[in-house]
Amino acid sequence: MSVVSIETPDVLLRRIYDEEFGFLPTNKSMKPVHVANGLARRVVGATNDFRPLAKVIRQYVTKQKAGYLEERNPNAAIIEAYPDKFQDLHRNPPPDERLTSFRALAKDTLGADGAVFESGQSSFTLSHQRMITNDVSDNGSGDFLAGLLTAGSGPVVATDLLRDLLDRDTDPWTMIAWPMLGVGATSDAELSGVARTRAERVSADLLAVGKDGQISSPTLRELRRRFDQLASHEKQGEKLTTLRRLVLFGCFAIHVHMIHRCADVMRDGPRPPILLDMCDGRRRSLREASAATLEAGRRAIEQLVVFRIREHLASVLGEEERIELYLDALPDTPDKQLIVDVYRAERASVGAVDALVEAYWKAGYSGVGPKAAKGYPWNALRELGRRSGYLSPYDDRGRGGKEHKRYGVNAEFAEVLVASVVAPGHPRQFDEFLDDLRDAYGIVVGRQGDFDIVRRNDLRLGADLPRSVSFNENDLRLNVNQFRDLLVDIGFAKTYADGRTIVTTDEGRQL
């Protein structure tokens, strides 16, 4: 039997990730700064030689195994390499202590996420287009967001704003980097290889546009609309704050897209809610319910990928009797041994097709990415959410919440949510605002109408109930009040004497 027509697990999974998620969710070290760099590179269409600025920032390098700092780029070497960048009007070099202080400041601001290196790949705390690098640690997520923001026939509000912000050079971050920004060469950022293949797959299916000129996917269409609304609100805002919030929303949009993609693709696919815990994990039933909605997102992602694997294998193999022939025909590789081992183990309790699907899934995510531990897509999504701030530790005990998470919210994230759903000049009743959050992102906070959603762990009220989430109803009621109080405290809501709470972005307020 020929196995030419059957993709290997890693190749199949890469294709599924491209077609369903738009990027490769395999790097659990991916940070918001990587997403920002990838998005800016695609929006601006250029990349720069990062090494001169990186050398200035990385004066000392931690020798982790030895446990000490090594001076990799001393001040004398920097002055010798770039003499005209740091001399005064009389061509005198700066005092050693002053240059050291400047370099420490540059590291704390431009390399705050610890993603700046002299070689390999490097991403700065982005504030100007000359800081864009060729770092691909975002695994295509920046390309996906850029495609989302330009798909269809409508105005490209967010991309226009990003280009304008990255062209400005008057902010403090850019001023710090300015001496070195003109040193490295600039080149066009052309898509090639796997990035080009991924872009073609994404534009053909994931970001396909209907006859109305809008994105066909209901989830992505809504996220695009909210992204542009946020950008419209931020046009008059402070540059660095605006950039940070656009990137934060981009990371959150990736999360919402991935956990809701199953419902877009499968007729009966789950649509997990996002229960925001406003009590900092202090209420046990609330944090458990929030963690359960997060876990439902993980299951929805896995369910979609397994569904696609099953589709492929069924279309190629057909009858179950051919599975054994297929396994025998596989070339002798480590992948074959893993597939066979998992298949044999699963075959003892499930059918042949289910066993092969599970073998392909485990062999696939173990083989995609630089390390096996990085291949599981949920790990990347969880770590991106943790670094962005909308995923919080389950509690402050045990493992410190490194792996066990719940949905949380801080003041800045709440402001971003308000600006993305409440348009200036159109204030919303608090209940209407909560309806908007649920419809746009699946966010719930615990109104009585949310009880069944949280209990079923699914936004589809008519869906089957495979498992029930228990909670204390009083905790959910308290959660609603805490969310309302937060909006009042940050100045985007006002409670009146008649008990009404109005959420607004008016009265000259800027996020």
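1. The structure holds twelve aromatic pairs (rings of Phe, Tyr and Trp, the last by its six-membered ring, pair if their centres lie within 6.5 Å; planes under 30 degrees apart are stacked, over 60 edge-to-face, the rest tilted). This is a predicted model, in which local features need pLDDT of at least 70 and side-chain atom pairs count only at pLDDT 80 or more, while totals for chains, interfaces and linings use all residues. Residues are numbered from 1 along each chain as its sequence is written, and side-chain values use heavy atoms, with hydrogens and water left out.

2. W361 and Y376 form a tilted pair, because their ring centres are 5.8 Å apart and their planes stand at 55°. The pair links distant parts of the chain, 15 residues apart: W361 is in helix α16 (residues 352–367) and Y376 in the loop between α16 and α17 (377–388). Helices here are DSSP runs of H or I with at least four residues, numbered from the N terminus. Both W361 and Y376 are buried (under 20% relative accessible area with a 1.4 Å probe, protein chains only; over 50% is exposed and in between is partly exposed).

3. The rings of F451 and F471 are also tilted, with planes at 55° and centres 5.7 Å apart. F451 lies in helix α20 (residues 451–456) and F471 in the loop between α20 and α21 (473–489), so this pair ties together parts that are 20 residues apart in sequence. F451 is buried, at 6% relative accessible area, and F471 counts as buried at 15%.

4. A cluster of ring pairs links F227, F249, F252, Y390, F413 and Y441.

5. Y441 is also among the buried residues of α19, with F430, F433, L434, D436, L437 and A440. These cover an arc of only 155° around the axis, which puts them on the same side of α19; the arc is taken from the directions from the helix axis to the C-beta atoms. Just after α19, G442 takes a positive phi of about 80°.

6. How many cavities of 30 Å³ or more does the structure hold? There is one (a set of points on a 1 Å grid over the protein atoms alone where a 1.4 Å probe fits but cannot get out; lining residues have an atom within 4 Å of a point). The largest cavity is lined by 13 residues, with D49, F50, L53, R130 and L181 nearest its centre. Helices α3 (51–57) and α9 (172–181) are the elements that give two or more residues to this lining.

Technical notes. On a 1 Å grid over the protein atoms alone, a cavity is a set of points where a 1.4 Å probe fits but cannot get out, and a pocket is an open set with protein on both sides within 12 Å along at least five of seven lines; lining residues have an atom within 4 Å of a point. Grid points are joined across faces, edges and corners, and a volume is the space filled by probe spheres set on the points.
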